[in-house]
Amino acid sequence: MPIGAAAQSADQPSGPITIEDSAAQDAAIAIRIRDIMGELDGFDDITVTVSSGIVTLRGNTLDAPSTQRLNDLVGRVEGVVAIENGVTETTD
């Protein structure tokens, strides 16, 4: 297994996956993540979408630790099944 694949799976939420899937639940997850990011510095340029519990993140952060911190936070939100993190580091 490539090293990157092992590292990526370690960042994913663990625990049971619910059999319920709804647009209302996806919206609640997205709102909660946006609310959390709004209270923290460095996540102003991040967009969040959620479909079937899969969170997709896009945008830029100032450094790699912020991107990892974002993964850690999102993984703790109830109902998150997986994280597709497309956030990139920028020095702008």
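1. The buried residues of helix H3 (64–75) pack against helix H2 (23–38) and against the strands E1 (46–51), E2 (54–61) and E3 (82–89), where buried means under 20% relative accessible area, exposed over 50% and partly exposed in between (1.4 Å probe, protein chains only). Helices (H or I, at least four residues) and strands (E, at least two) are DSSP runs, numbered from the N terminus, and contact means heavy atoms within 4.5 Å.

2. This is a predicted model, in which local features need pLDDT of at least 70 and side-chain atom pairs count only at pLDDT 80 or more, while totals for chains, interfaces and linings use all residues. Residues are numbered from 1 along each chain as its sequence is written, and side-chain values use heavy atoms, with hydrogens and water left out.

3. The buried residues of H3 are Ser66, Thr67, Leu70, Asn71, Leu73 and Val74. They cover an arc of only 165° around the axis, which puts them on the same side of H3; the arc is that of the directions from the helix axis to the C-beta atoms.

4. In H2, Asp26, Ile29, Ala30, Ile33 and Met37 are buried. Because their arc around the axis is only 95°, they lie on the same side of H2, and the face turned away from that buried side carries the exposed residues Ala24 and Gly38. Among the elements covering the buried residues of H2 are E1, E2 and H3.

5. The three strands form an open sheet in the order E1-E2-E3, with mixed pairing; two strands pair if DSSP finds at least two bridges between them. E1 and E3 stand at the edges with a single partner strand each, so one side of each has no neighbour in the sheet. E2 and E3 run parallel and are joined by 8 bridges, and glycine 59 has valine 87 in E3 as its bridge partner.

6. Serine 52 sits in the loop between E1 and E2 and, at 38% relative accessibility, counts as partly exposed.

7. On confidence, the mean pLDDT (the predictor's confidence in each residue, from 0 to 100) of the protein chain is 85, and 87% of its residues reach 70 or more. Confidence is lowest in helix H1 (residues 3–10), at a mean of 43, and highest in E1, at 97. Over residues 1–9 the pLDDT is below 50, and beyond near neighbours in sequence this stretch has 1 contact in the model. Where pLDDT is low, the predicted coordinates should not be read in detail.
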